[in-house]
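Hi,

Here is the structure I promised to pass on.

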Amino acid sequence: MIDHPGRLVLRLLFVLAFCGTWHLAYAANAGDGVDQRAAKAALLKAYPGLFTIKGNVLTWTDGTTMVWDDGKKRDAEALLESPDIEDMFRYVYPKAAAGALVPAEDFDPGRIRNEDFFEKLYGASAAEVGKHIANVKWLPKLGKKTVQVTKVFGIDELLGKVSDALEAMPAELSRYGLKPGGGFVWRPIAGTNRLSVHSFGAAFDINVGFSDYWYNNRNKSNPKGPIPYKNRIPLPIVDLFEQNGFIWGGRWYHYDTMHFEYRPELLLYKNSG
Ligand SMILES: [Zn+2]
């Protein structure tokens, strides 16, 4: 059957429109699912006045430049080992309001961190980070503990707000704060040579007694097998941290349920692609 010429034009237009849409979609997410515009906007809003992003270049106020997206394809392991800045938005962080969730395999929103970027935010050595560390009175009425976090971005004050609000919660919730783990410690993540966010003074472990960590619960006879999810930290506590800019390690496939870290960019980022 021969197409009517008018119909042929319509078909051609349809094909062109379809290709155009595909091309735009590809340009918007660089092929890795990240909404480029939303990710850049979230990063700029989270850490205002420190850098600009033009095209593929992030420029700090002192003139240092970093690549936004190096275009390399990375598997889950490489994303953890050597991510570019754009890769940090690979997974959309689900807030506490999304309810109880079991993360899919390798779904680790926030575990992907470009180390150079964080060193620039908080300091590149224990001494440099140490200059900004403050003591925060954690649950001063209930537990009388002191924890150390950075003053950068007012993280010490934000943790203080979490402490005040948690202390005002009913005892069945506030008791989860009674045995805090560390704040600032310059150290690599166990079993890796990557720096923990605790090194930057931007993380806090709420309770060593109610902690569940993926590595301890993995199938030891089949280390590559599925990791069973476990959590004992109530979501209203997670919500409280999120309101103050912290994300929760209980949202990760490689979970660390007592762990909270200051990552406002991930709380702001929504993928509209
Ligand atoms: Zn931690």
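At what angle do the axes of helix 6 and helix 9 cross, and within what distance do they come? They cross at roughly 150° and come within 9 Å. Axes here are lines fitted to C-alpha atoms, for helices over the stretch in contact, and angles run from 0 to 180 degrees between N-to-C directions. Helices (H or I, at least four residues) and strands (E, at least two) are DSSP runs, numbered from the N terminus.

Some housekeeping before the rest. This is a predicted model, so local features need pLDDT of at least 70 and side-chain atom pairs count only at pLDDT 80 or more, while totals for chains, interfaces and linings use all residues. Residues are numbered from 1 along each chain as its sequence is written.

On confidence, the mean pLDDT (the predictor's confidence in each residue, from 0 to 100) is 90 for the protein, and 89% of the residues reach 70 or more. The stretch to treat separately is residues 12-28, where pLDDT stays under 50 and the model has six contacts beyond four places in sequence. A contact means two residues whose C-beta atoms, placed from the backbone, lie within 7 Å.

Overall, the protein has ten helices and eight strands. Of its 273 residues, 32% are buried, a residue being buried if 20 or more other C-beta atoms lie within 10 Å of its own, exposed if 12 or fewer, and partly exposed in between, again with C-beta atoms placed from the backbone. If you take contacts between residues at least 6 apart in sequence, 61% join residues at least 24 apart.

Back to the helix pair. The crossing of helix 6 and helix 9 is right-handed; the convention is that a crossing is left-handed if the near helix is turned anticlockwise from the far one by less than a right angle, and right-handed if clockwise. Val162, Ala165 and Leu166 of helix 6 make the contact with Ile237, Leu240 and Phe241 of helix 9. The buried residues of helix 9 are Ile237, Val238, Leu240, Phe241 and Glu242, and their cover includes helix 6 (155-167), helix 7 (171-174), strand 7, strand 8 and helix 10 (264-268). Just after helix 9, Gly245 has a positive phi of about 95°.

Three bridges hold the antiparallel pair of strand 6 and strand 8 (residues 259-262), with Phe260 in strand 8 as the bridge partner of Phe204.

Leaving aside its neighbours within four places in sequence, its contacts are Ala203, Phe204, Ile206, Phe241, Phe246, Ile247 and Trp248. In the largest nonpolar core, which has 48 residues, Val149, Ala202, Phe241 and Phe260 touch the most other members. By nonpolar core I mean a set of buried Ala, Val, Leu, Ile, Met, Phe, Trp, Tyr and Cys residues joined through C-beta atoms within 7 Å. Helix 6 gives the most to this core, with five residues.

Strands in the order 1-2-3 make an open, antiparallel sheet of three. Strand 1 and strand 3 stand at the edges with a single partner strand each, so one side of each is left without a neighbour in the sheet. Strand 1 (residues 51-54) and strand 2 (residues 57-60) share four bridges, and Thr52 has Thr59 as its bridge partner. Their hairpin has two residues between the strands, and Gly55 there takes a positive phi near 60°. Thr59 also has Thr65 in strand 3 as a bridge partner. The hairpin of strand 2 and strand 3 has four residues between the strands, with Gly63 in the turn at a positive phi of about 95°.

Last, strand 4 (residues 133-138) and strand 5 (residues 145-150) run antiparallel, joined by six bridges. Val136 stands opposite Val147. Six residues lie between the strands of this hairpin, and Leu139 in the turn has a positive phi of about 45°.

Cheers

Notes. Two strands pair if DSSP finds at least two bridges between them.
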